[in-house]
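The sequence and the structure come first.

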Amino acid sequence: MSKRRLKRDELDLWNRVAKTTERFQPRSPLGNVGRTTDPAKDTKPNSKPGPAPLPAFEIGGKATPKPETRIGPKTTSARLARDPVSMDAKAFGRMKRGKLVPEARLDLHGMTLDQAHPQLTRFILTSQARGLRLVLVITGKGDREDPYDPMPRRRGVLKQQVPLWLRMAPVAQAVLQVSEAHIRHGGAGAYYVYLRRQR
């Protein structure tokens, strides 16, 4: 294969391109070993310093510690037990021991929420109008949890809802105290409701 000679204009073009190139300096993995240029000449005297390093970072490092939080009681019975006593303390003690006999009772056991709420409202307001002081509301304890049930279900909905309803209008003004009933009157499946005197 014969070598072709460059034409004059091709040779001029090649010389112009060759002037713009720099000699290739292969970098050694060992750092300065094998470098042909002086490292002092490589550093530019007018180069700007790099950005300052970031301060050490730790998640939550600047967060102010919160004071100790108290988790309130989770069950309805525990919440009612923590309520302050609004009625006569001696009468409250007798009521908790089952010594006071309820003057009327309402059995909500087996009702839906839509059925039970108006029944409860009517019962409380009527009982107060009749001058009754201690009434019993039976909710039932609710179904126990089935460990083999594939779906989580709300249990004892009436037991949870009745104390909330008794704190809401229009019955809140009639209720002085709510407490879980003594075992002889239904225990955890019923509530004592002590009513205010109607003025």
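Ser-179 stands opposite Tyr-192 in strand 4; helices (H or I, at least four residues) and strands (E, at least two) are DSSP runs, numbered from the N terminus. The model is predicted: local features need pLDDT of at least 70, side-chain atom pairs count only at pLDDT 80 or more, and totals for chains, interfaces and linings use all residues. Residues are numbered from 1 along each chain as its sequence is written, and side-chain values use heavy atoms, with hydrogens and water left out.

Strand 3 and strand 4 pair in the antiparallel sense over five bridges, where pairing requires that DSSP finds at least two bridges between two strands. Strand 2 also pairs with strand 4, antiparallel and over five bridges. Leu-134 has Tyr-194 of strand 4 as its bridge partner.

## Burial in strand 4

Six of the six residues of strand 4 are buried (under 20% relative accessible area; exposed is over 50%, partly exposed in between; 1.4 Å probe, protein chains only). Ala-190, Tyr-192 and Tyr-194 point one way, and Tyr-191, Val-193 and Leu-195 the other. In a regular strand the side chains alternate between the two faces of the sheet.

## Helix 5

Helix 5 covers residues 113-129 and spans 24 Å from its first C-alpha to its last, close to the 24 Å expected (1.5 Å times one less than its number of residues). Its buried residues include Ala-116, Leu-120, Phe-123 and Ile-124. Among the elements that cover the buried residues of helix 5 are strand 4 (190-195) and helix 6 (157-165), with contact meaning heavy atoms within 4.5 Å. Just after helix 5, Gly-131 has a positive phi of about 85°.
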